[in-house]
Amino acid sequence: MTIALRKLALLEKNLEKREEQARIAGYVTSPVDSDFKEQVSKLMEKVRRI
């Protein structure tokens, strides 16, 4: 469980980093799939509640 939690946290951090890099580069739309990011965020919220 701990490994899965760490991987999920790294994935969430990586997605945020990609969005920030795209914003700095001047992109208007996000290169990250919004549905996927939302699912990862929801899973992290559930884990944090436990």
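Which residues make up the largest nonpolar core? Select Leu8, Leu15, Val32, Val40 and Met44: these five residues form it. Helix 1 and helix 2 are the elements that each give two or more residues to this core. A nonpolar core here is a set of buried Ala, Val, Leu, Ile, Met, Phe, Trp, Tyr and Cys residues joined through side-chain atoms within 4.5 Å. Buried means under 20% relative accessible area, exposed over 50%, and partly exposed in between, with a 1.4 Å probe and protein chains only.

Before going further, note that this is a predicted model, in which local features need pLDDT of at least 70, side-chain atom pairs count only at pLDDT 80 or more, and totals for chains, interfaces and linings use all residues. Residues are numbered from 1 along each chain as its sequence is written, and side-chain values use heavy atoms, without hydrogens and water.

**Whole chain.** Zoom out. The chain has two helices and zero strands; these are DSSP runs, numbered from the N terminus (helices H or I, at least four residues; strands E, at least two). The radius of gyration is 12 Å, well over the 10 Å that the globule rule gives for 50 residues, so the chain is more spread out than a compact globule. That radius is taken over C-alpha atoms, and the rule is 2.2 Å times the number of residues to the power 0.38. The C-alpha trace spans about 40 × 15 × 15 Å along its principal axes. Of the 50 residues, 16% count as buried.

**Helix 1.** Select residues 2–25. This helix has 24 residues and reaches 34 Å from its first C-alpha to its last, close to the 34 Å expected. The expected span is 1.5 Å times one less than the number of residues. Now colour its buried residues: Leu8, Glu12, Leu15, Glu19 and Ala22. Their cover includes helix 2 (34–49). Step just past the end of helix 1 to Gly26, which takes a positive phi of about 100°.

**Helix 2.** Pick Val40. Setting aside residues up to four places away in sequence, Val40 touches Leu8, Leu11, Glu12 and Leu15; contact means heavy atoms within 4.5 Å.

Move to Lys37, also in helix 2. Is Lys37 buried or partly exposed? Lys37 counts as partly exposed because its relative accessibility is 24%. Beyond its neighbours within four places in sequence, Lys37 is in contact with Leu15, Glu19 and Val32. Finish with a distance: Lys37 and Glu12 are 25 residues apart in sequence and 7.3 Å apart in space, C-alpha to C-alpha.
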